[in-house]
Every structure is written in structure tokens, then in C-alpha cells.
Amino acid sequence: MNFSPQLEQKFADLLTHYPEGRQRAALIPMLMFAQDEVGSITPDVVTELAKRCGITPLQVDEVIGFYSMLHRKPLGKYHVQVCTNISCLLVGGEELYEHACKKLGIGHKQVTADGQFSLEEVECMGACSWAPAIQIGYDFHHAVSPQKFDQLIDALRKIQ
Amino acid sequence: MLYNAPHPLEVKVLTRRFGLENSASIDTYLATDGYKALGKALDMTPDDIINEVKASNLRGRGGAGFPTGMKWSFVPRNVDKPKYIVVNADESEPGTCKDRLLIENDPHQLIEGVLIAALAVGASKGWIYIRGEYRYLIDIMDKALAEAYARGYLGQNICGRGFNFELYTQTGAGAYECGEESALLESLEGKRGVPRIRPPFPAVSGAFQSPTILNNVETFCAVPAILRDGGPAFSALGVPKNGGTRMFCLSGHLNVTGVYELPMGFPLLKMINEIGGGVRGGRKLKAVIPGGSSCPVLKAEECDLPMDYDSLMKAKSMLGSGGVVVMDEQTDMVKAALRIMHFYQHESCGWCIPCREGTTWLKKLLTRLDAGRGTIGDVNLVGDLARNMLGRTFCPLGDAAAMPTISIVEKFRDEFEAKLANYTAPRAQSSQFVVV
């Protein structure tokens, strides 16, 4: 399995970051970057990265199972993550999450039928002083009201 | 660039470059005393550097508050193994959002702090472990690292002084547990982030089983100022045994929220009323989480205290990671306890049974109590169960889940009782179980 030339370059570079014989250390960054390119961690990605890191596919699988940002199934094109942890909860994070479910018509870890949006209720994302916060993909949005949420989603729907 | 307008009561040491034009660039950094502390450190012996850090009374900003200079002195000198530096930028303690600003606005300050630590222990390589959600910070940090390599502040023969050091970014993939030092090291090595048994501590056997200094972003960021202005000067900014300033992240029911750099020992009530502009909507204060959700909560009447490690310890709480979460009189404390437990249950790595089973059981009990169901016995059980998790796990996550829970049950027991007393069963569903 081949990745884009840019990603291949990134992987080659990554493998030089660690002490001799400890190249397994590149696994988690490789999984994250591969997922960004492929869309999810497919069985092919598992086999390929196992080979490159010199470990078994099973060892890759057990790592994937541990980390909440690694997904075996494709997410929506726009992965909407709403924080409802304590700082967000206090200023409307839970209401925002309920609003997001209604607006997108899906629940926790579900994907819309057209594959455009997925939703996840997430734990603290480090935006507590600008709560309630959401992330769409890797982009942070701070102090999100239901109205602001609708504007963000409507703008993304127009792009399609 | 993300940062809030400065407050006149702030003492800007780590945040002095926030708001400058291109504050993240090496040119801005060099124009504002950047890498001067490194020059100074290159003329010092490792012992002198460590003594300077000891004199600063800098304590670990990640949460535990261990004296940084002492931590560095634990790295053995005469061993053949390479030595490493690891930066903990896996900021994920609920209520905490400061490391993000330090990297975004002034990444070179972090690089310089790491370089000084490397000189202090003779390290040759380092990694900045950044939580996966902070992808944009990896781009900012990689850019800063490239600048530092290009200008001779990283790589071979740094500043022409025969000092070699390589520094890389490493991304996490979503796991609160990886903020715990030994779990972070496991994750750095490409494994599941489960904690290691200690001893040996990372100073002796850390990354790749080599001696390692592992500190929080904010801790490393304080180091250039310590070398530049001297340890005693940094120490004098704070209170005895609690040197310097720290980043306080104000969130919750305040008129003004944000991240502010204040001297150690800054009074909590002054922080709430003057920096935070008081409680929102003119309501009364009910409780404060003083340092991230792992800390026991303080009732309003306990909040008249200075914010330093020792004062918080005396009040049976912790200064933690600087996440100050303010709750007003209308806050449902049972619900707050449930949400906090929901988090720890989700994030427990499953390695130690008291934590894995305890957090799950507590979440179930609290869900039932929040719904007004259950009995007074369940309220007692929550407290008992949490107390039995304390000190019975390899890493502090079990304690972190237990401590706020114990404090909420003890201090706000009346709210649990009120929920039980006010419960009216929905008709035709009176025997319904709460399914979790």
C-alpha cells in the first residue's frame, strides 16, 4: 500500500526520530496521519504500518483500540465534536450537544446518510476558558451558541 | 492567535510576548531577549543550572507540583545510556487550556527551556508530545523547530559550542491517561498508554528505558526566565516554596473567562472578583474547582485563600494544573459530580481494577442519584467506594476520579438528599430501572 508522496516523506522522516531499533515509536503518529489521508484505519493500513514499524498487525490493533481519535470506520467529511465536560457543561455544552443532534439528525458517533457529517460528544478539548467549544475536524470553534452552531453547519452544507 | 486581553493585575513573565506581532517567529523571539538564557546556560556547569532552577522554587506545573530542580538532579550522571527530554503537551485535564497558548504564541520559549534542561542533564534528544486534538499546534511547533534548526539553535554544534541536541514533535491520538508521565512514555514508544510501575522513575528509566526529564510545557517555559533573571528573582515573584507566576485558566460562571498569568499565592477570591469580573448574572458563588477536575472542590466559604500548592494542600485540595472552574449558586452539584465521573470512567485505561470497576460503578450510582432515584445508602456508597479507590492504583487517575467525588458528596450531601426527597415517579413507569 502506498501513500501520497508528501505522507511518504513524512513517514520516512518520522522513522529517523527515534533511537536505533525503536521505530515502533512512529506508530501512533503514522496512524493519525494515515487516517487523515485515507479517511479511516482500514485493514490495509494496519498491515502496512505493522510492516513498516516491524510489529505484528495484532500489535497495531491493540494500539488502535486504546486511542479515541483512531477510527476503523470512516467518519463524516466534517467530524463535529462537541465538548460537554465540566467547563462547557456549566455554560450550555449539554444543550449545545442536544441541539447538534437535532440539527444534524444523528447521535453520538453516528454519520449522516450522505456521509457529510459525523457527530461525537467528546471529553475536554482544552478550550475551557472559551466554552462551550466544538471542533470540526481539527478546527476549534469557541463560545458556540446554538445559533452560531447552525451558521457553521449551514455554511459547510453550502460548500457541498 | 488565541489569547485574551491582558489584565492589569497580571505579572507577565511567560506570557510577555503574547500579543506581539508574529510572536511565534524566531525573529520576534530573538528581538526580545530570546535564546539569551541559553547563551548563559552554555557558560554554566550542569550543577550550576540545576542549582539556579532549585533557587527559583519552580514546581511542576502539570499538577503534582514537584520541585523541578530536584527532579532534574535525580538524573544519574555517570551512565552510558543516552539521556532524553520529554515535554508533556498532552494537556487534557478538564478546566485547563494554558499550554495551548504557550505553544501557539511563543513556541521558541519552550524550545529554549528544553535546551537548558538538556544542558543540565547532558541530554541529546527530546520529544514534545502534543495531544492529537491540538493538530494545529504541531504545525506551529514544527515551523518553530525548523527555524531553530536553520538558525543553529538545534542540531549539531549549537551556538558553535559543541552542544548537540535534536528535538521533535510527537502527536498523541486521544487519551487523557497519556498526560500521566509513565503512560505518556508508553505512548511515545508506540504502545497503549497504560502506566508503568514505579520505581524506577523516569529520571532513571524513562523514554526508551533511558534517563529522562519529563515536565509540563509551562514548567519548561519558565526556565528561560529563571536563567535570564536568576532563580531568586523568579522565586521572589511568588510566595515561599512556590516560586514565580503561573497560568490560571478561568472558566465556568464568570463574567470574564480567560487565561491569566498571576503570581503564585494570588488570592482566589480576588481572582474571581477582579480578574474574572465576579460571578455571572450577579449570582452568588457556590463552589470552585481550584486546579482541574481532579481536585477536591472548595465551597464558597473555603475560597478565601491564596492560590499556591501549600495553601491548597492545607485546604485539603490541590493547585493542580491551574484550571479554576467557578460554579454559581444554581449549579446542580449532583450533575457536576456525574459529569466528572463520566469523564474518568471514559478515560480510565483499564489497567488497575479499582479504577476501571470503581469509575464504572460510581458512574452508574451517580446516574441513578442524578435522576433522583436510589436511596440514602447509595449516597453513602458513593463516598465509600471512592475512598476505597484512593491510593490503590498504579497512576493517579483513580485518585483523580475519587477525590472530587468524595468532596462533592461530603460538602453537598444536602443536594443528593434533596433530589431523592423531591423525586416523583413518572406514572406507569414507577419500577423503571435507570439503564447506564
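## Contact between the chains

Chain B contributes 47 residues to the contact and chain A contributes 34 residues, with two residues in contact if their C-beta atoms, placed from the backbone, lie within 7 Å. This is a predicted model, in which local features need pLDDT of at least 70, side-chain atom pairs count only at pLDDT 80 or more, and totals for chains, interfaces and linings use all residues. Residues are numbered from 1 along each chain as its sequence is written, and chains are lettered from A and ligands numbered from 1 in the order in which they are written.

On the side of chain B that touches chain A, α13(B) gives the most, with six residues. Helices (H or I, at least four residues) and strands (E, at least two) are DSSP runs, numbered from the N terminus.

## Sheet of chain B

Five strands of chain B form an open sheet of mixed pairing, in the order β3-β4-β2-β1-β5; strands pair if DSSP finds at least two bridges between them. Its edge strands are β3 (155-158) and β5 (212-216) of chain B. β3(B) pairs with β4 (residues 163-171) of chain B in the antiparallel sense, over two bridges, and F163(B) is the bridge partner of I158(B).

## Nonpolar core

The largest nonpolar core has 183 residues, of which L31(A), I116(B) and A117(B) touch the most other members. Such a core is a set of buried Ala, Val, Leu, Ile, Met, Phe, Trp, Tyr and Cys residues joined through C-beta atoms within 7 Å, buried meaning that 20 or more other C-beta atoms lie within 10 Å of a residue's own. Helix α6 (residues 107-121) of chain B gives the most to this core, with 10 residues.

Note on methods: Buried ≥ 20, exposed ≤ 12 C-beta atoms within 10 Å, placed from the backbone.
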